[in-house]
Every structure is written in C-alpha cells, then in structure tokens.
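I'm starting a page on this structure and noting things down as I look them up.

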Amino acid sequence: MDDPVTESILSKFPRRIQKIIPDNASIDEDLDPKRILLLTRSQGEVVKGCPGTGEQYLCCNYQVINQTQGCPMNCTYCILQFYLNQPATIVYTNFNDIFTELKEKLKLQRKRFFRIGTGELGDSLALDASRRFARQAIEIFAHIPNALLELKSKTAELGDFLDLNHNGHTVMAWSLNPREIIQQDELKTAQLNQRLAAAGKAAEAGYKIAFHFDPIMDVPDWESLYAEVIDEMYLHVAPAQIAWISLGTLRFPPSMKDKIIERYPHTGIPFAEMIRGMDGKLRYARPLRSPMYQYIYQKLTSVPQPPFIYFCMESPLIWQEIIGRAPESNAHLDFMFAESLFHRFPGLLSEKPEPIHYDNGKPLG
Amino acid sequence: MNSFKKPLLLSIKQIDSTDLRFNIFESDLTGYHFADSVILQNTGRVYRILYGFEILTANLEPDYRFPALCLSEKLPLVEILEIIVTVQRRKRELFPIETARIIHLACQSGMSDDDIVDQVFSLLHLKPDPALIADYRQMITLSKSMVRYLTDKHAPVKTWLNLVHRGLIGIPALDKFIQLNPTLSIFEEITTSLFEISKRESIRLDSLFESLHWNGIVEKADLEEKVRIRRIRDIIIQRRFPKLSAHREQVEKVLKQIPLPENAKLNFDETFEKKEIQINWRLHTPADIERMHAFFNDETVRRLKILLNTL
C-alpha cells in the first residue's frame, strides 16, 4: 500500500469496499469481474506482441501493453468475455516498471518503428486507472523516437489529454460502427457522435487519429449505415490527420456463440451466416464479407489523400480482392505501416524505413 | 445397508401397481429375471416399488412369488434416491431424463430448491446451480418418442438441455421427424438451425415449420426415409444460410458445365475461404492419360476459369 498510484486511484472511490489481499489470494468467482477492480503489480512481461490469429491470416505485428485487463463496457461480440478468464478487472500500478520494460525492449530494435497500444485486453481510456497510465504513457512516448502509442477507446473520455505534450507520438483511436449497431451491441459505450466529437477535439490538439471499423456487421441496409458513419467521420477529422484505419468483419471463436446467446438474448450476432475460417473462428463467408469490405474501402478512399487502410486478421485473398495486392507477410505489412507513416507524417520517423528491419518480425516481448 | 429390513418373498398381488412415483429409470431389460433387483417399501397394506418396475410388465401370475429387498417405511426420500441410483449405476450411468425425473420427484415431494441442490445434486453429479432445477423439470415434458429417440442415440446431456433452452419441447413436427430415424448429428444440426432461424427472423416455430412445408416432406411416404431426411436438411440449410446457399448454387451451376470423367474428382473449399480448385485424377492406363490430356481443351479451361472466378 506504499504505492502512490494505488492510493491515488483508491482515493477516487472512498465509499467502495476496499480490501488488501495477499498475492496468492483468490477472488470469489461468483462476483462480476466488471465490478471488481484488482490493483496490483505485474509479475511478468506486460509489453508483448499482439496475439493475432492463425498464420493463414495476415497480422500487422502490433505490440501491446497489457496494463489494464478487463473492460467495464458490454459489447456482445467482445472476445474478452471468452479470452480473459479472470475474476476481476486487473490494473497494474507499477507504471515505472512497465515503462522501463518498454524502453529496454525498444532499444533492442532501434531501426524499427513500432505501433504499441494499450487497448488490446481492455479499453485504453474507460477506467480512471487506465487513463492515469495513458497520461504518463503519452509523455513518455513523446520522447521515444521509434514508436507510436495508440490509445483505443469506445468512450469519449479525453480528460486533460488535450493539454499534454504528445509530440505527435500518440494516436488517439476510436472504434466506429453505425448507431443501430452501437445501440444493440455496444452497450455502455459512448454514442457515435460523442466518439467523433472526441476524435475531432483530439485532432485539433494535434494528436494523430485512428479509426477501427471492427467488427463490421452484416445488418440490413449496411451500405447506407456505414456510408453515413464514414461521411460523419470525415466531417470531424480530415483524412490527412488519420494515421490508419482498420477494417475487420465480425469474428469470434465458436465456443463463444452459446455464451453470447445466453448473455445477450436480444442480439442477432450468433445467427448470422458464418463459416469456420482457417483459424477456427466463425466469420462471414468470404463471398459475404468481400462486398462489405469493397464498399467500405471504396467509400473510405474516395477522398483526396486517403489514410492508410488495412485489414485486421484477414486472408491475403481478401487483400488481393479489395486492394489489388496483398502484403507478402506479417513483417511486410508492419513495414507498410512504417512506410505510410514516413511519407504521410514527415519528421515522425527519423529515417526512411527499410524492409530489412522488419523482416525478422520479432515482437517486443 | 441398515436401511433394509430382511429380504422378503412376496407375490405380485401384494404390489401397488398404480404407485408409479419411483418409475424413474428407462427399462434396459427384455423382461424380468428372478436375479433382478426389486426394491420395495411397505406402505401399509401393500408395497410400493422403488426399483425394478420390469416386474410389473413381465406378465407374471398374481400369485407369482419373488424375492425383494424392502426399505424402511420411514426412510427419507433422499436416502431412497441414493440407494436406487447406486443400484442403477451398477448397470449404467443415468440418462438425462432419469436425472430429470429424480429432480421432479424431489420437487413434488416438497423439497425446497436449496435442499435439492444441497442434498440431491451431488448424488446426480450435477454442479450446484439452482437454474438446473427448472431446466430438468422442463425436460419431463418431452414426448415419449423424443425421450426414446434421445436415449437410444445416447444423446449427451447438452443435446437434451439445448432442446429445453431453445423451446423445442413438445413440438409435434419434431416428433414426426425423428420417426425417420435421423442420425443424432443431423438432428442436432437441424434443431440448432431451426432455433437460429426462428431467432433471426423473429418467427414462431409453428409458422416456420409451415413455411418450410415440413410435414409435407416428412410424411411423404413414397420417398425413402433417408431421402426425406436429406430434403429436410437441404431446405433448412438454405433457410439458415440463404446468401451462402445462393452463392453455392452459382458455383454448382458452373460446375455442372464441366464434363468431368468418372475417374476424376473436382473439389473446392465449401467455406469459400480459399479460392482454389482441386482436381484428383486416377490414372490406370495410357488411355486415362490421353483422356486427361483431352479434357483440358480450350473450352474446359475456359469453364474452369469461370469456376475459379465464381468461387
């Protein structure tokens, strides 16, 4: 309890039940993990490569900092309800240790430009504890030459971030979906207009912005719904300020299907036309998802100097069908990111990226 | 066992054949044999069967005398259940319907849900989840034919519970379908799809069956059973995966125009994740090689390209 971060976080919840438990104590598994916050120190590595998916699909060698594990929001399709099997939302408070680990790992591959996010196992900004970490991380990354920090969120929380010195090394990112889908399947998240308004403010403060159309869902009238989102998105943030946009259609492990039916009986997600992909996950069949990608990609690139657009966990065939070319490998896709950032944001990378520094594809962790 | 009084020799007419409260277990025997266990309980003038109901259907004379084990009349229900389940488990594990009957009996005897979870669930190897009580009690309402079908197929408990959770109990259309004796995997696939279609389209099951012309197919006596099963499966798949089915039809249409010889097989990825064609060829003689060579003429190559493009 001599931890200033812990004390600071707890001071925000004076009326909540606070208990100190030994390291190896167990937490009652009947309680809702979204209502239990475990503040602790990390024991092993926190900075690692994104788990991605099977090798038949391309991944981008994204890196993650798993400082927060768990999320207070309720998205029906969220894989965390399957992937994270823990009785509480976990927050690591030993920020300095995490930043030390990060810097030491980045030093080992100085010529490679990394994209590192905190929103893999939770929302980067939903919890106060996560925002505290993000605040410090923004200022740390401002002085790291070979990395960008991505803070990915479905909230509209910006707090005092607008005044921070980010030095252009932080990307504020939002997941986007049509209003109808947000209402039905992204419970307890910010509304679309709130997210876009926050993105607009962050862009005005000089942050780079990213958007994630993930999961894209096959709903009635999807063309006009997604077109509307894209139009609104570009009204709030100019393409030139968008670092990247990801596209990914709905996918989840088959074993999650019954859980979704049980937990969210109102959603139509489990009853979509899905097949088992090459990585074992349920996905829309390619003849169904390809037209969706085609439409959305064309809409996104119909502006002057469109952002870098990539597919998350997709087959080379999809890349080929939609964009006309596929990255040769995960390492190549990682390099494509660096190349795009070098050309679109002069001064961000200290030198032109070379494929050789990405060929190893080694994660930070 | 202290619960038992000394074994008795009783006659059939001393049994109350109307008391079927404990008629829990599905009969495995082809008939009563004098070595089979019969466990009774004295109710006053007559005896109640607790285990061994086969004796009632064995067409024995009323004066036929048989050995029986008799339990104390004041024995608590839970202890009775423990004994008869233990005896039954010496032959086989319980079917889900038998678990359901036990829970139902406990409820009917006035036991609280908490007591059932505490005292009966461990006997039944169930996790202590009170929600299971309602699930299993619903299972009781399955039709006899459905119970017979599922026990004969040794359906796992998940299949039984899925019928409960998905509201597929007491559906005459399904009772008709199982008379065709589909495999368990086809039955599970079809019931899952029916549930998912009804949810996605917000349509009642009876309306769904009607729109599928279900009875018309199931009852078409001039068709073999396996053909009727296949037709049912086909219409379900089409309804469950309409866009995918339409795409598949397009592919099949192109495939039909490719005159594959008998010693060749053409495969493609049915999920369409891979856009590829596999052709397997059996070549026994030089003539087979000539025919293969002739197959890849300009027209066939053109059609194969169309097929690849369509995938």
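In which strand of chain A does Pro215(A) lie? I found Pro215(A) in strand β11, residues 208–216.

Ground rules next. This is a predicted model, in which local features need pLDDT of at least 70 and side-chain atom pairs count only at pLDDT 80 or more, while totals for chains, interfaces and linings use all residues. Residues are numbered from 1 along each chain as its sequence is written, and chains are lettered from A and ligands numbered from 1 in the order in which they are written.

Most residues other than glycine have a negative phi, and most peptide bonds are trans. I noted that the bond joining Asp214(A) and Pro215(A) is cis, with omega about 5°. Gln305(A) has a positive phi, near 50°, and sits in the loop between α9 (286–300) and β16 (308–311) of chain A. Met313(A) also gave me a positive phi, near 55°; its place is the loop between β16 and α10 (316–323) of chain A.

Is each of these two buried or exposed? My cut-offs count other C-beta atoms, placed from the backbone, within 10 Å of a residue's own: 20 or more is buried, 12 or fewer is exposed, and in between is partly exposed. Gln305(A) has 10 such neighbours, so I put it down as exposed. Met313(A) has 22, so it goes down as buried.

I count two strands as paired if DSSP finds at least two bridges between them. β3 (63–65) and β7 (114–117) of chain A pair in the parallel sense over 2 bridges, with Gln63(A) partnered by Ile116(A). β7(A) is also parallel to β8 (147–153) of chain A, over 4 bridges, and there Ile116(A) has Leu149(A) as its partner.

With helix α4 (128–141) of chain A, β7(A) and β8(A) make a right-handed β-α-β unit (right-handed: with the strands pointing away from the viewer, the path from the first strand over the helix to the second runs clockwise). Among the buried residues of α4(A) I listed Phe133(A), Ala137(A) and Phe141(A). Asp128(A) is in this helix too, but its 15 C-beta neighbours inside 10 Å make it partly exposed.

**Cores.** A nonpolar core here is a set of buried Ala, Val, Leu, Ile, Met, Phe, Trp, Tyr and Cys residues joined through C-beta atoms within 7 Å. The largest one has 97 residues, and Leu149(A) and Ala210(A) are among those with the most contacts inside it. Apart from it I found another core of 50 residues, including Ile24(B) and Val85(B). A contact means that two C-beta atoms, placed from the backbone, lie within 7 Å. Leaving aside neighbours within four places in sequence, Ala210(A) is in contact with residues including Val171(A) and Trp244(A).

**Chain B.** I counted 14 helices and 6 strands. The radius of gyration of chain B is 29 Å, well over the 19 Å that the globule rule gives for 311 residues, so chain B is more spread out than a compact globule. That radius is taken over C-alpha atoms, and the rule is 2.2 Å times the number of residues to the power 0.38. The C-alpha atoms of chain B fill a box of roughly 90 × 50 × 35 Å along the principal axes. Buried residues make up 20% of chain B.
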